[in-house]
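User: I have a model open and want to learn how to read its features. Please take me through them briefly.

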Amino acid sequence: MENSEGVKIESTVVTEEPLISALDIALFVVIITVAYFWYFKRDKQSSSSEKKPYTIQPSSLSSIEQTSNSSFIKKLKSTGRSLVVFYGSQTGTAEEFAGRIAKEGARYKMKGMVADPEECDMADLVEMKEIQKSLAIFCIATYGEGDPTDNAMDFYEWLQNGDADLEGLNYAVFGLGNKTYEHYNEIAIYIDQRLEELGATRVHEIGLGDDDANIEDDFVSWKEKLWESVCSHYGIEETGEESNIRQYKLVDCSEVLPERIFSGEISRLRSYENQRFPFDVKNPYLSKIAVNRELHKSGDRSCMHIEFDIDGSKMRYDTGDHVAVYPKNSSELVDKIGELLNADLDAAFSLLNTDEESSKKHPFPCPCTYRTALTYYLDITSNPRTHIMKELIEYASDPKDQEKLKLMASSTPEGKKEFHEWILRDNRNIVHILEDLPSVKPDLDHLCELLPRLQCRYYSISSSPKVYPKSIHITAVLVNYTTSTNRVNKGVATNLLAQLIPTNDELPQPTIPIYIRRSQFRLPPKSQTPIIMIGPGTGLAPFRGFIQERDYARKEGREIGEMVLYFGCRKKDEDFIYENELQEYVANGTLTKLHLAFSRDQPEKKYVTHLLEQNADELWNIIGEKSGHLYVCGDARSMAKDVHSIIVKVVMEKGQMTNSQALNYVKKMEQQKRYSADVWS
C-alpha cells in the first residue's frame, strides 16, 4: 500500500522539479517502514517473554512447546535426573509402561523422566555419559508389518542412517509385539542390537512382550530382573520405598468458563465446531454417516456396511488404506462408575502433571468434566493391568478385598494365576471390579489418572476412491459376547456405530470423528498384473476396494490381469456378505474366479485353506509362473499362518524347491511386496 502511494507521489512532483526527488521520498518511506516494524516486533517479543501468572489453560497436543525445548539432556541435568525412559507407542501401552518404569526409579535413587522420541533431539544420546550413573530405557512397540510406531519413526531412521559414537550410554530395551505376526518385536530387537553396535552398553537383556498372550506378565517379569541388573551394574540398593506417588494433581475447575471446557475433542478446543484441514490422529474429521445397513441375511450375528461422508473435507485415501474411528464409551457404563463411587460426574476438573519439566502437562485434554473424561478419553472396558490393582489396595476398606488386590498385584505364581483367572479369563473391566469388590472406593480423579487412554479403532477401507471419492466404506462385525460371570461385554466402537443410523435429509445426520491411516496394502502398479486375494469374513473388506478399482480400469478400456478371490463364511444363506456384488463382478469378467467356502453348510467344516490346497496348480501359475501378487486379510492367529504354510508347501511342490528354498522364495515375495498381509489378532 505504501509503495503504491509512493508511485503516485512520484508522478505528481516530477513536473514541479522540487529539491527532494521522488526517489528520495520513496527511500525515506521504506526506511521508516522497516524501522517501524523492527521496533514493534521487538516490543512484542519482549512483552511476550514476560512471566505470566498461572492460569488453567486447555491442553493441546501440538508440538510447539515441545520442539522449542527438545533437549532431554538439559532437562535431566537441570533437574538432577539420571534416568530417561523413551517410548514408541501406537496405542498407549508402551507409554504406560515407560511411565511405570520412570516412577519406580525413585526406589533405586534414580530420578526418572518419560520422553517421546519424536519430541526429542535423539542425537543428544551421545551426551548421556556426562550424567553420573545415567540410564536410558526404551519401551518400543512394533506394529503392522514390522514397522516402527509413528512417534519412533525418526529415531529409527536416525539409528539406521547415523554412525554416532554412543560409548558411555547405558541402556535397556523392552519390546511390545504380538507373536501372531511374522515380524514379532522386530523394531525393538533392531534398536537393541543397533545401540550396541554404536558402542552403547546393554545393562539388561532385551525383554519381548507378547500381546497375544499376557504382555503385562512379560513386562512385570522383565522389569523385576531389570532392577536387579541395574543394582548390580551401578552398585546401588533398593530403598524399599513404595512408589505409589501421584503423577498428577487435581485442580478444581468449577470456576472455568464453559466455553473453555473440553467436551470430547482430541486436541484443539472446539475443533468439532470449527473444522480445519488437514485431518489426522490429533485432528480428526467429524464425518456424517451416509449409509448404515445390515449385511447378514439372517442369524444372530450382525455385520454392518457403513459409509462415511468425506465430501468437502479435502481428505484423500488410497485403496487398501485404513480409517480410524474415534469411539466413546456407553453412557450406561459411565453412569455406573459415578453411582459406584458416589461421584458428581458433571464436576469440571483438571489433572496437572506434578513434574513441571514434563512436556505432557495433562493425561488427556483438560479441563473437562468427569463424564467427558470417562466417555471420550479413558478406556473403561479393557482388562486393567496389575499396577492398577496395586493402586486400588489403599482404597479397599474390607480386608478380604484388600488381600485379593494385593495377591493380583504381586508377581508370585499364585498372584499371576489369580490375575489371569479373575481378570483375564473372566474378562473383568474396571466397572466389574468395583462391582465385585464393593469396599473399593477410589478417588475418581485418581482413577482417571490410572486408566489408559481410549484408543481409536482401525478398519480396512472397503471401497475405492476411483469409484467413491466422496465417501469411505467399512465392513464391521458387531462385537457382543457373554463372559463367564454372565455379563454382556460390548465392543466400544461397533456398538456405537450400530446406533448411528442416518435419517431423512431434514434431520441432522449422525456423525463420528475419523481420520485416514496410510497402508502398504496396495494393488500392483500395473493393472495387468494377476492377483490372488484371500479374505474370509470381514477380511473381504479391502478386496472389495481392489475389485472396484480394477473394474473401474476395465470400464475405462484398460487391460486388467486375473483376479482370483477366496472368500469364506459360515453359511451361504446367512453371512455371505456382498454376494450380489461379487457375482456381478464374476459375470462382467472383472473377477476371474470366485472360490467360496461355507464352513457350516455341510457335515465337515470347509475353509478357504482347504480350497487353497486343492487349487495348488492355479496358485503356482499366478505367483510362480506369472509373478503375480498374493494378498491375505483377516485373522492373524490361525488363518494367516495356515495360508503362509500352504503357500510355502505349494512353492516347494510346484516350484520343485527344498523347504529352505521355498521359504526364501516366499520371503523374497514379501520383500518385493508381492505377498502382503493386512491381519489382526
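Analyst: Start with exposure: buried means under 20% relative accessible area, exposed over 50%, and partly exposed in between (1.4 Å probe, protein chains only). This is a predicted model, where local features need pLDDT of at least 70, side-chain atom pairs count only at pLDDT 80 or more, and totals for chains, interfaces and linings use all residues. Residues are numbered from 1 along each chain as its sequence is written, and side-chain values use heavy atoms, with hydrogens and water left out.

User: Why does Lys 605 count as partly exposed?

Analyst: Because its relative accessibility is 47%. Lys 605 sits in the loop between strand S21 (593-598) and helix H20 (608-614). Helices (H or I, at least four residues) and strands (E, at least two) are DSSP runs, numbered from the N terminus.

User: How is a pair of aromatic rings described?

Analyst: By the distance of the centres and the angle of the planes. Rings of Phe, Tyr and Trp (its six-membered ring) pair if their centres lie within 6.5 Å; planes under 30 degrees apart are stacked, over 60 edge-to-face, the rest tilted. The whole structure has 25 aromatic pairs. Phe 97 and Phe 174 have centres 6.0 Å apart and planes at 70°, so they are edge-to-face. Phe 97 is in helix H5 (residues 93-104) and Phe 174 in strand S5 (residues 170-177), 77 residues apart.

User: Are Phe 97 and Phe 174 buried or exposed?

Analyst: Both Phe 97 and Phe 174 are buried. Phe 521 and Tyr 631 also pair edge-to-face, at 5.4 Å centre to centre and 80° between the planes. Phe 521 and Tyr 631 are buried too.
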